[in-house]
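Dear colleague,

My notes on it follow.

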Amino acid sequence: MKRIALLPEGSVSHEAALHLFGDEPVELLHFKQISDVFLSTASGKSDYSVIPMENTIEGSVSLHMDWLVHEVDIPMQIEWVYPSVQNLIGRGEEFAASSNPDEIDYSKVTKVLSHPVAMAQCLQFIRARMPGAELEHAGSTSEAVELVKNHPGQGWTAIGTALGAKRHGLDILSRQVTDHDNNYTRFVLIGPQPLMLKTKAATQSKTSLLVTLPEDFPGALHQVLSAFAWRKLNLSRIESRPTKKRLGNYYFIMDVLESLDSVLLSSAIGEIEALGCQVRVLGSYPSLSFGEQKAEVPK
(Lines give C-alpha, C1' and ligand atoms only; values in the text may rest on other atoms or scores of the structure.)
Protein backbone atom coordinates (compact mmCIF):
# COMPACT_ATOMS: atom_id res chain seq x y z
CA MET A 1 0.00 0.00 0.00
CA LYS A 2 1.39 3.41 -1.02
CA ARG A 3 1.99 5.96 1.75
CA ILE A 4 0.90 9.50 0.89
CA ALA A 5 2.15 12.53 2.87
CA LEU A 6 -0.07 15.60 3.01
CA LEU A 7 -1.27 18.46 5.19
CA PRO A 8 -3.61 17.82 8.19
CA GLU A 9 -6.98 16.10 8.13
CA GLY A 10 -9.72 18.41 6.94
CA SER A 11 -7.46 20.60 4.79
CA VAL A 12 -8.06 21.28 1.08
CA SER A 13 -5.08 18.98 0.42
CA HIS A 14 -6.95 16.22 2.27
CA GLU A 15 -10.11 16.75 0.20
CA ALA A 16 -8.05 16.84 -3.01
CA ALA A 17 -6.21 13.62 -2.10
CA LEU A 18 -9.48 11.81 -1.38
CA HIS A 19 -10.75 13.03 -4.75
CA LEU A 20 -7.62 11.89 -6.58
CA PHE A 21 -7.24 8.43 -5.08
CA GLY A 22 -10.91 7.50 -4.65
CA ASP A 23 -11.00 3.80 -3.84
CA GLU A 24 -7.28 3.27 -4.43
CA PRO A 25 -5.65 1.48 -1.46
CA VAL A 26 -3.39 4.18 0.04
CA GLU A 27 -2.33 5.20 3.53
CA LEU A 28 -2.59 8.93 4.24
CA LEU A 29 0.08 10.42 6.52
CA HIS A 30 -0.87 13.88 7.81
CA PHE A 31 1.65 16.57 8.84
CA LYS A 32 1.09 20.05 10.29
CA GLN A 33 3.75 21.81 8.18
CA ILE A 34 4.35 21.64 4.43
CA SER A 35 8.09 21.27 5.14
CA ASP A 36 7.37 17.99 6.94
CA VAL A 37 5.29 16.83 3.97
CA PHE A 38 8.26 17.36 1.63
CA LEU A 39 10.77 15.82 4.03
CA SER A 40 8.61 12.75 4.61
CA THR A 41 8.98 11.68 0.98
CA ALA A 42 12.59 12.90 0.74
CA SER A 43 13.53 10.66 3.69
CA GLY A 44 11.54 7.66 2.46
CA LYS A 45 8.94 7.74 5.25
CA SER A 46 6.28 8.15 2.57
CA ASP A 47 6.15 7.21 -1.10
CA TYR A 48 4.53 10.42 -2.37
CA SER A 49 3.58 13.91 -1.20
CA VAL A 50 0.53 16.01 -2.10
CA ILE A 51 1.67 19.58 -2.80
CA PRO A 52 -0.62 22.55 -3.66
CA MET A 53 1.21 24.55 -6.31
CA GLU A 54 -1.08 27.19 -7.79
CA ASN A 55 -4.42 28.85 -7.10
CA THR A 56 -6.81 30.67 -9.41
CA ILE A 57 -6.93 33.76 -7.18
CA GLU A 58 -3.52 33.86 -5.52
CA GLY A 59 -1.37 32.38 -8.31
CA SER A 60 1.67 30.21 -7.61
CA VAL A 61 2.56 29.13 -4.07
CA SER A 62 6.15 30.41 -4.13
CA LEU A 63 7.21 28.67 -0.92
CA HIS A 64 6.28 25.25 -2.28
CA MET A 65 7.99 25.87 -5.61
CA ASP A 66 11.15 26.98 -3.80
CA TRP A 67 11.10 23.75 -1.78
CA LEU A 68 11.01 21.71 -4.99
CA VAL A 69 13.91 23.69 -6.42
CA HIS A 70 16.19 24.35 -3.45
CA GLU A 71 15.42 21.85 -0.69
CA VAL A 72 14.50 18.50 -2.27
CA ASP A 73 15.05 16.76 -5.59
CA ILE A 74 11.78 14.88 -6.05
CA PRO A 75 10.06 14.83 -9.46
CA MET A 76 6.42 15.66 -10.09
CA GLN A 77 4.50 12.51 -11.06
CA ILE A 78 0.84 13.61 -11.39
CA GLU A 79 -0.99 16.93 -11.69
CA TRP A 80 -4.66 17.56 -10.99
CA VAL A 81 -6.96 20.50 -10.33
CA TYR A 82 -9.43 20.61 -7.45
CA PRO A 83 -12.03 23.27 -6.52
CA SER A 84 -11.13 25.06 -3.27
CA VAL A 85 -14.42 25.53 -1.40
CA GLN A 86 -13.85 27.65 1.73
CA ASN A 87 -16.37 28.20 4.51
CA LEU A 88 -16.65 30.28 7.68
CA ILE A 89 -16.51 27.81 10.58
CA GLY A 90 -17.27 28.15 14.29
CA ARG A 91 -19.87 27.28 16.93
CA GLY A 92 -23.34 28.22 15.73
CA GLU A 93 -24.71 28.95 19.21
CA GLU A 94 -21.82 31.33 19.91
CA PHE A 95 -22.67 33.59 16.96
CA ALA A 96 -26.46 33.28 16.84
CA ALA A 97 -28.29 36.59 16.50
CA SER A 98 -30.33 37.49 19.60
CA SER A 99 -33.36 38.42 17.48
CA ASN A 100 -33.22 35.24 15.37
CA PRO A 101 -31.15 32.26 16.57
CA ASP A 102 -31.09 30.86 13.02
CA GLU A 103 -29.12 33.88 11.76
CA ILE A 104 -25.43 34.65 12.30
CA ASP A 105 -24.41 37.86 14.06
CA TYR A 106 -21.07 38.62 12.42
CA SER A 107 -20.40 41.47 14.85
CA LYS A 108 -19.67 38.80 17.50
CA VAL A 109 -16.64 37.58 15.51
CA THR A 110 -13.43 38.83 17.13
CA LYS A 111 -10.89 36.81 15.14
CA VAL A 112 -10.69 34.93 11.83
CA LEU A 113 -7.98 32.28 11.46
CA SER A 114 -6.80 30.45 8.35
CA HIS A 115 -3.88 29.60 6.10
CA PRO A 116 -2.69 32.82 4.39
CA VAL A 117 -3.61 31.56 0.90
CA ALA A 118 -7.14 30.58 1.99
CA MET A 119 -7.50 33.87 3.88
CA ALA A 120 -6.57 35.84 0.77
CA GLN A 121 -9.25 34.01 -1.20
CA CYS A 122 -11.97 35.34 1.12
CA LEU A 123 -10.90 38.92 1.94
CA GLN A 124 -13.92 40.59 0.32
CA PHE A 125 -16.28 38.45 2.41
CA ILE A 126 -14.31 39.16 5.60
CA ARG A 127 -14.12 42.91 5.04
CA ALA A 128 -17.81 43.17 4.19
CA ARG A 129 -19.12 41.22 7.19
CA MET A 130 -16.38 41.29 9.84
CA PRO A 131 -14.35 44.46 9.20
CA GLY A 132 -13.28 44.75 12.83
CA ALA A 133 -12.15 41.14 13.28
CA GLU A 134 -8.49 40.33 13.82
CA LEU A 135 -6.95 38.19 11.08
CA GLU A 136 -4.47 35.51 12.13
CA HIS A 137 -2.58 33.03 9.96
CA ALA A 138 -2.27 29.32 10.72
CA GLY A 139 -0.18 26.54 9.19
CA SER A 140 -3.22 25.10 7.42
CA THR A 141 -6.98 25.59 7.26
CA SER A 142 -7.36 22.45 9.37
CA GLU A 143 -5.07 23.84 12.07
CA ALA A 144 -7.17 27.03 12.09
CA VAL A 145 -10.37 25.02 12.65
CA GLU A 146 -8.68 23.09 15.47
CA LEU A 147 -7.60 26.34 17.15
CA VAL A 148 -11.20 27.58 17.04
CA LYS A 149 -12.38 24.31 18.58
CA ASN A 150 -9.87 24.69 21.41
CA HIS A 151 -10.84 28.32 22.20
CA PRO A 152 -14.62 28.36 22.73
CA GLY A 153 -16.46 31.49 23.80
CA GLN A 154 -13.85 33.93 22.50
CA GLY A 155 -15.49 34.87 19.20
CA TRP A 156 -12.99 32.96 17.08
CA THR A 157 -13.86 31.62 13.63
CA ALA A 158 -11.89 29.86 10.89
CA ILE A 159 -11.86 29.81 7.11
CA GLY A 160 -11.70 26.15 6.12
CA THR A 161 -13.29 23.16 4.45
CA ALA A 162 -16.54 21.38 5.21
CA LEU A 163 -14.47 18.27 5.83
CA GLY A 164 -12.45 20.18 8.44
CA ALA A 165 -15.61 21.39 10.20
CA LYS A 166 -16.98 17.85 10.30
CA ARG A 167 -13.71 16.38 11.62
CA HIS A 168 -13.57 18.86 14.50
CA GLY A 169 -17.28 18.88 15.32
CA LEU A 170 -17.89 22.55 14.45
CA ASP A 171 -20.61 24.29 12.45
CA ILE A 172 -20.46 25.95 9.05
CA LEU A 173 -21.59 29.51 9.71
CA SER A 174 -21.47 30.54 6.03
CA ARG A 175 -20.84 28.30 3.04
CA GLN A 176 -18.62 29.03 0.03
CA VAL A 177 -17.23 32.37 1.21
CA THR A 178 -14.51 32.67 -1.44
CA ASP A 179 -14.59 35.92 -3.39
CA HIS A 180 -14.78 34.16 -6.78
CA ASP A 181 -16.74 31.10 -7.87
CA ASN A 182 -13.94 29.76 -10.08
CA ASN A 183 -11.55 29.12 -7.18
CA TYR A 184 -9.43 26.12 -8.17
CA THR A 185 -6.10 24.83 -6.87
CA ARG A 186 -3.54 22.91 -8.91
CA PHE A 187 -1.96 20.06 -6.97
CA VAL A 188 1.02 17.89 -7.84
CA LEU A 189 1.95 14.50 -6.50
CA ILE A 190 5.72 14.25 -6.04
CA GLY A 191 7.65 11.02 -5.57
CA PRO A 192 10.65 9.08 -6.83
CA GLN A 193 8.63 6.71 -9.08
CA PRO A 194 5.76 7.18 -11.58
CA LEU A 195 2.32 6.19 -10.29
CA MET A 196 -0.50 4.77 -12.37
CA LEU A 197 -4.05 5.23 -11.09
CA LYS A 198 -6.66 2.72 -12.26
CA THR A 199 -9.63 5.08 -12.21
CA LYS A 200 -8.09 8.27 -13.62
CA ALA A 201 -7.19 8.98 -17.23
CA ALA A 202 -4.76 11.68 -18.31
CA THR A 203 -6.09 14.38 -20.61
CA GLN A 204 -2.61 15.56 -21.63
CA SER A 205 1.07 15.26 -20.81
CA LYS A 206 3.09 18.04 -19.24
CA THR A 207 6.79 18.60 -18.53
CA SER A 208 8.10 21.16 -16.03
CA LEU A 209 11.55 22.61 -16.64
CA LEU A 210 13.85 24.79 -14.58
CA VAL A 211 15.92 26.97 -16.91
CA THR A 212 18.84 29.11 -15.72
CA LEU A 213 20.12 31.59 -18.30
CA PRO A 214 23.83 32.22 -18.87
CA GLU A 215 25.12 35.52 -17.50
CA ASP A 216 25.99 38.39 -19.86
CA PHE A 217 24.02 36.90 -22.76
CA PRO A 218 21.75 39.60 -24.23
CA GLY A 219 18.53 38.16 -25.64
CA ALA A 220 19.00 34.74 -24.03
CA LEU A 221 15.39 34.47 -22.84
CA HIS A 222 14.14 35.37 -26.32
CA GLN A 223 16.23 32.60 -27.85
CA VAL A 224 15.02 30.11 -25.25
CA LEU A 225 11.40 30.93 -26.03
CA SER A 226 12.12 30.74 -29.75
CA ALA A 227 13.34 27.14 -29.32
CA PHE A 228 9.81 26.25 -28.20
CA ALA A 229 7.97 28.59 -30.56
CA TRP A 230 9.31 27.41 -33.90
CA ARG A 231 8.64 23.79 -32.88
CA LYS A 232 5.07 24.81 -31.94
CA LEU A 233 5.50 23.56 -28.37
CA ASN A 234 2.91 25.15 -26.12
CA LEU A 235 4.10 26.74 -22.86
CA SER A 236 1.22 26.77 -20.38
CA ARG A 237 3.21 28.68 -17.75
CA ILE A 238 6.45 30.62 -17.43
CA GLU A 239 7.49 32.12 -14.12
CA SER A 240 10.68 33.72 -12.81
CA ARG A 241 12.00 33.05 -9.30
CA PRO A 242 15.18 34.34 -7.64
CA THR A 243 18.11 31.92 -7.59
CA LYS A 244 18.94 33.15 -4.05
CA LYS A 245 22.58 33.49 -5.09
CA ARG A 246 22.69 37.23 -5.72
CA LEU A 247 20.31 40.14 -6.34
CA GLY A 248 18.86 40.26 -9.84
CA ASN A 249 19.71 36.63 -10.65
CA TYR A 250 16.69 34.53 -11.66
CA TYR A 251 15.77 31.15 -13.01
CA PHE A 252 12.65 30.39 -15.05
CA ILE A 253 10.09 27.65 -14.45
CA MET A 254 8.42 26.57 -17.69
CA ASP A 255 5.54 24.13 -18.11
CA VAL A 256 5.46 22.57 -21.57
CA LEU A 257 2.38 20.70 -22.79
CA GLU A 258 4.43 17.80 -24.10
CA SER A 259 5.95 14.59 -22.79
CA LEU A 260 9.70 14.43 -22.22
CA ASP A 261 9.72 11.45 -24.61
CA SER A 262 8.77 13.80 -27.45
CA VAL A 263 11.49 14.26 -30.07
CA LEU A 264 10.48 17.92 -30.40
CA LEU A 265 10.86 18.65 -26.68
CA SER A 266 14.14 16.74 -26.43
CA SER A 267 15.57 18.72 -29.33
CA ALA A 268 14.31 21.99 -27.83
CA ILE A 269 16.10 21.21 -24.58
CA GLY A 270 19.26 20.36 -26.53
CA GLU A 271 19.10 23.70 -28.34
CA ILE A 272 18.60 25.59 -25.07
CA GLU A 273 21.56 23.84 -23.46
CA ALA A 274 23.68 24.67 -26.52
CA LEU A 275 23.02 28.34 -25.75
CA GLY A 276 24.76 27.83 -22.40
CA CYS A 277 21.58 27.50 -20.32
CA GLN A 278 21.25 25.03 -17.48
CA VAL A 279 18.12 22.88 -17.75
CA ARG A 280 16.70 20.73 -14.96
CA VAL A 281 13.62 18.57 -15.47
CA LEU A 282 11.28 18.97 -12.48
CA GLY A 283 8.99 16.27 -13.80
CA SER A 284 7.24 14.87 -16.86
CA TYR A 285 3.79 13.69 -15.85
CA PRO A 286 0.13 13.19 -16.76
CA SER A 287 -2.20 16.12 -16.21
CA LEU A 288 -5.55 14.82 -14.99
CA SER A 289 -8.83 16.61 -15.53
CA PHE A 290 -12.01 16.06 -13.55
CA GLY A 291 -14.04 18.65 -15.41
CA GLU A 292 -15.52 21.78 -13.90
CA GLN A 293 -17.82 20.02 -11.43
CA LYS A 294 -18.13 21.34 -7.91
CA ALA A 295 -16.42 19.51 -5.10
CA GLU A 296 -18.49 16.96 -3.24
CA VAL A 297 -18.00 17.96 0.38
CA PRO A 298 -19.82 16.81 3.51
CA LYS A 299 -22.83 18.83 4.63
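**Surroundings of Ser49**

Apart from neighbours within four places in sequence, Ser49 is in contact (heavy atoms within 4.5 Å) with Ala5, Val37, Phe38, Thr41, Val188, Leu189 and Ile190. This is a predicted model, in which local features need pLDDT of at least 70 and side-chain atom pairs count only at pLDDT 80 or more, while totals for chains, interfaces and linings use all residues. Residues are numbered from 1 along each chain as its sequence is written, and side-chain values use heavy atoms, with hydrogens and water left out.

Ser49 belongs to strand E3 (helices, H or I of at least four residues, and strands, E of at least two, are DSSP runs numbered from the N terminus). Its relative accessible area is 0%, so Ser49 counts as buried (buried is under 20% relative accessible area, exposed over 50%, partly exposed in between, with a 1.4 Å probe and protein chains only).

**Helix H8**

In helix H8 (residues 220-229), the buried residues are Ala220, Val224, Ala227 and Phe228. They lie on the same side of H8 because they cover an arc of only 100° around the axis (the arc is that of the directions from the helix axis to the C-beta atoms). On the other side of H8, His222 and Ala229 are exposed.

Yours sincerely
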